[in-house]
Each structure stands twice: as C-alpha cells, then as structure tokens.
Amino acid sequence: MEKYKRMSEIKKVVLAYSGGLDTSVILKWLQDTYQCEVVTFTADLGQGEELEPARQKALKFGIKPENIFIDDLREEFVRDFVFPMFRANTVYEGEYLLGTSIARPLIAKRLIDIVNKTAHRLSLTAQPARATTRYVSSSAPMR
C-alpha cells in the first residue's frame, strides 16, 4: 500500500492498450486504484480488425474519445524493424523469427511521444508473456 501512496499524485496515465485481458484489467485497476484519467494507445502494426474492438472496449471503460490513440505504425515498423530483422537473420531459439517483441521499442517510442504531448507523468505497458508490468515515471516530459 505504501507504493500506492507515493504515486497518489498520479492524475493521468498513458497505457499501451491492446484491448486484451491483461491491458483491460490494468486499465480498470488504474482507474480504481488511482482514480486517474487514462489515455490509451494502441499501435497498428498490421493486426487490422483487432483495432476497432480495442477502441470500443476503451470507450466502455469510460475513456474519452480524445484520449484514445490508435496510430498506424505499419510503415515505420516494417522499414525500421522488420526489414533489418530479416537482413540480420534474427531468430529465436534457432528456428522462430522474432514476432511482437521487435515491435516493443517502436511502441515505447510512440508511447513516450504521447506522454510528452499530453503532459502525463506515467506511462505503462503490459508484457503478458512475462506477466509483468513495467512503467516509466517522470515529473517532467521525457526526452
């Protein structure tokens, strides 16, 4: 409970939001625990029809339409991450091409852009594969 008190000044949070179970639970937890305004960010990396349900789910949680960011990052993702991955023959455990993990730096970059744009103090992203949540906290916009 002590760490919740330390962060009680948090009024707004930018959440990397997929609309899935993990990020939806975190969204509700942030609203309940901190009574803070949540801004959601969903990266369009080519998943297509999953984007509109994420928007609708965010709206059902009471997120204001102007606080829902769904950004098309497909071109930058392919140009700056996928092509270099292929050129480097990057594989996991010797047989699998890296998947969503290569998108995380791009998602984090855009998340921080939104944090700076909206003057929030905290950004959050869920990493369900590890069942952990990592956050970046700052009293000033991040650079």
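This briefing walks through a few local features of the structure above, grouped by topic. Please keep in mind that this is a predicted model.

**Strands S1 and S2**

- S1 pairs with strand S2 (residues 37–44) in the parallel sense, and the pairing runs over 5 bridges.
- From S1 the chain passes through H2 to reach S2, making a right-handed β-α-β crossover.

**Ser 24 in helix H2**

- Helix H2 spans residues 21–34, and Ser 24 is part of it.
- Ser 24 has a relative accessibility of 6%; buried means under 20%, so this residue counts as buried.
- A polar atom of the Ser 24 side chain lies 3.5 Å from the backbone oxygen of Gly 19.
- Leaving aside residues up to four places away in sequence, Ser 24 touches Tyr 17, Gly 19, Lys 57 and Phe 61.

**An aromatic pair**

- How many aromatic pairs does the structure hold? There are 2.
- In the pair formed by Trp 29 and Tyr 34, the ring centres are 5.5 Å apart and the planes meet at 90 degrees, so the arrangement is edge-to-face.
- Is Tyr 34 buried or exposed? Its relative accessibility is 8%, so Tyr 34 counts as buried.
- Trp 29, by contrast, has a relative accessibility of 35% and therefore counts as partly exposed.

**Helix H5**

- Helix H5 takes in residues 104–118, which is 15 residues.
- At 1.5 Å a residue, H5 should span 21 Å, and this agrees with its end C-alpha atoms, which are 21 Å apart.
- Buried residues in H5 are Leu 106, Arg 110, Leu 111, Ile 112, Ile 114 and Val 115.
- As background for reading such a list, an α-helix has 3.6 residues a turn, so residues three or four places apart point the same way.
- Pro 105 also sits in H5, and its relative accessibility of 47% makes it partly exposed.
- Pro 105 and Phe 81 are separated by 24 residues in sequence, while their C-alpha atoms are 9.2 Å apart in space.

Key: Residues numbered from 1 in each chain as written. Predicted model: local features only at pLDDT ≥ 70, side-chain atom pairs only at ≥ 80, totals over all residues. Heavy atoms only, no water. Phe/Tyr/Trp six-rings, centres within 6.5 Å; stacked < 30°, edge-to-face > 60°. Buried < 20%, exposed > 50% of the residue type's maximum accessible area, 1.4 Å probe, protein only. Helix = DSSP H or I, 4+ residues; strand = E, 2+ residues; numbered from the N terminus. Expected span 1.5 Å × (residues − 1). Polar contact = N/O pair within 3.5 Å; in protein donor to acceptor, adjacent residues only side chain to side chain. Contact = heavy atoms within 4.5 Å. Pairing = 2+ DSSP bridges. Right-handed = clockwise from strand over helix to strand, strands pointing away.
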